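Subject: Handover of a structure

Hi,

Here is the structure for your files. My notes on the strands follow below it.

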Amino acid sequence: MTARSTGFVAKRWAALLTGGLLAMLTPTPATALPEYSTAEAGNPFVDGWYADPDIAIYDGKYWVFPTASKAYAEQTYLDAFSSTDLIHWTKHSNVLTTANVSWAKYAVWAPAPVERDGKYYLYFAANDIQDNSQLGGIGVAVADRPEGPYKDALGKPLISQFHNGAQPIDQDVFIDDDGQAYMYYGGWHHANVVKLNPDMTSLGTFGDGSTYREITPENYTEGSYMFKRNGKYYLMWSEGGWTGPDYSVSYAMSDSPTGPFRKIDKVLAQDPAVAKGSGHNSVVNVPGTDTWYIVYHRRPLSESDGNHRQLAYDRMYFNPDGTIRRIAMRVKDNFADGNALGWKTYGGTWSVTGGRYRVGRDQGAKALLDTNFADFTYDADVRVTSGGGDAGLMFRVSRPTVGTDGYSGYYAGISPSGKVVLGRANGSWTELGAARTPVAPGSTHRLRVTAVGASVKVFVDDMTTPKISVSDGTFPSGANGVRVFNAAASFGNVAIGPAR
């Protein structure tokens with residue numbers, strides 16, 4: 001565990017216990033550890049366009065502080081989100097605004113939260129300065145509570161100039177086990193580390209008398225982040241252009257918080273089936289475990305606006321030698337958070353209750369994720385709740401519209417009449433296969449589709465023997481979703497990933 005919030009492990013645990021997180025962190029027959037493979041209730045995990053998330057643990061809660069992903073002139077505030085379980089999130093609006101920072105006008109970026117001695121600090125960049133003649137840079141605000149309101153602590157930037165070529169943006173604050181606080185920051189392909197004094201609002205010096213130490217690793221662009229595990233220091237950063245699909249996360253390891261930092265690997269990059277522009281991350285360790293998550297922003301595949309970024313998290317695993325495995329952006333949704341963020345509907349009346357995605361009876365209502373899988377395995381629980389038709393999974397879908405067969409792609413569904421069907425639509429319906437299978441009215445069944453090239457297999461409950469197996473290569477890739485035909489239905493435990 002790295003002491004990002006207090007600087008002292010004992011103090012972190014005291015805060016956690018006081019906040020009531022002990023039950024969540026102690027494995028008992030009734031309470032399991034929050035050990036997820038991804039955001040099991042779906043990415044994005046909060047609503048809205050946000051970027052540059054940093055995460056901290058305060059008083060038994062996970063707190064995420066992101067940038068409001070808007071045009072520069074509209075970036076005049078910061079929101080925060082809190083959760084006790086990484087599933088249900090509470091929004092805290094306007095925890096910091098430019099109204100409380102006299103020198104900040106716009107482009108308020110990359111909040112970095114940290115707690116020390118009962119005070120909550122939020123470091124931020126503002127004004128996107130382009131040279132040393134402009135007013136702006138990295139500031140620090142302080143509050144008595146995690147949700148603020150935060151107020152400017154200095155009346156001026158803490159770092160207002162370019163040093164070693166580093167634009168003063170994208171700061172991250174790390175408190176080491178000995179209590180020494182460091183700030184890692186920098187844009188324009190240069191990174192610095194500075195020491196923070198115990199007051200957290202002034203800069204210290206290194207042993208050689210210097211204040212700004214350059215630590216720029218290979219291919220660094222921006223977005224520094226530091227954490228510690230098993231005595232090793234991990235520096236993460238973003239590469240590529242923030243509006244482009246090449247935005248990604250790399251890392252280095254060192255025995256010292258000041259480096260040297262030599263790039264080891266790129267561990268998070270776009271997945272053309274899931275999302276693009278994945279970067280500017282933070283990391284959280286579930287206290288008392290070796291469970292880690294990477295929290296980052298990414299852009300949906302169908303979005304071209306650079307500011308259309310969303311918050312996501314996925315599991316981060318380590319190899320026995322301490323290196324980080326490459327991170328997979330997984331696609332799951334168990335609807336436990338009570339919402340269907342990331343889904344787009346075409347017809348019908350949709351809602352989420354009881355951990356199920358529900359739709360009223362309709363001739364062809366559909367809901368799609370913004371994915372583009374070619375070869376995959378797609379699983380979901382399907383229940384036909386009323387009507388004489390069927391309900392099931394859509395895949396390799398393009399050009400969706402409202403209407404019974406208003407899409408191009410495939411569909412596999414089950415009917416209470418005791419039938420599973422597979423077909424292809426392109427404005428009209430072509431059945432590709434059908435089979436008898438036990439489907440009790442109102443019962444839930446696990447439906448799986450595995451597609452590899454032209455081979456498509458459909459499974460119902462029994463995941464070893466397909467009910468239908470056909471060859472059809474009409475549609476090579478596209479979105480995944482769910483659909484009803486002359487029925488009402490509910491869906492749950494959606495998971496899409498590599499073919500298996």
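Start with strand β25 (residues 376–386): β25 and strand β30 (residues 444–452) pair in the antiparallel sense, over eight bridges. Pairing here requires at least two DSSP bridges between the two strands. Strands are DSSP runs (E, at least two residues), numbered from the N terminus.

Before the rest, the ground rules. This is a predicted model, in which local features need pLDDT of at least 70 and side-chain atom pairs count only at pLDDT 80 or more, while totals for chains, interfaces and linings use all residues. Residues are numbered from 1 along each chain as its sequence is written, and side-chain values use heavy atoms, with hydrogens and water left out.

Back to β25. D381 has R446 as its bridge partner in β30. β25 also pairs with strand β34 (residues 487–497), antiparallel, over eight bridges. There, T377 stands opposite G497. How much of β25 is buried? Eight of its eleven residues are, so to speak mostly covered. Buried means under 20% relative accessible area (1.4 Å probe, protein chains only).

Now the other sheet. Four strands make an open sheet, ordered β1-β2-β3-β4, with antiparallel pairing. β1 (50–58) and β4 (90–97) are at the edges with a single partner strand each, so one side of each has no neighbour in the sheet. From one strand to the next, the twist averages 25 degrees. Angles run from 0 to 180 degrees between N-to-C directions, with axes as lines fitted to C-alpha atoms.

Within this sheet, β3 (residues 77–83) and β4 run antiparallel, joined by five bridges. A80 sits opposite H92 in β4.

Best wishes

How values were computed: Buried < 20%, exposed > 50% of the residue type's maximum accessible area, 1.4 Å probe, protein only.
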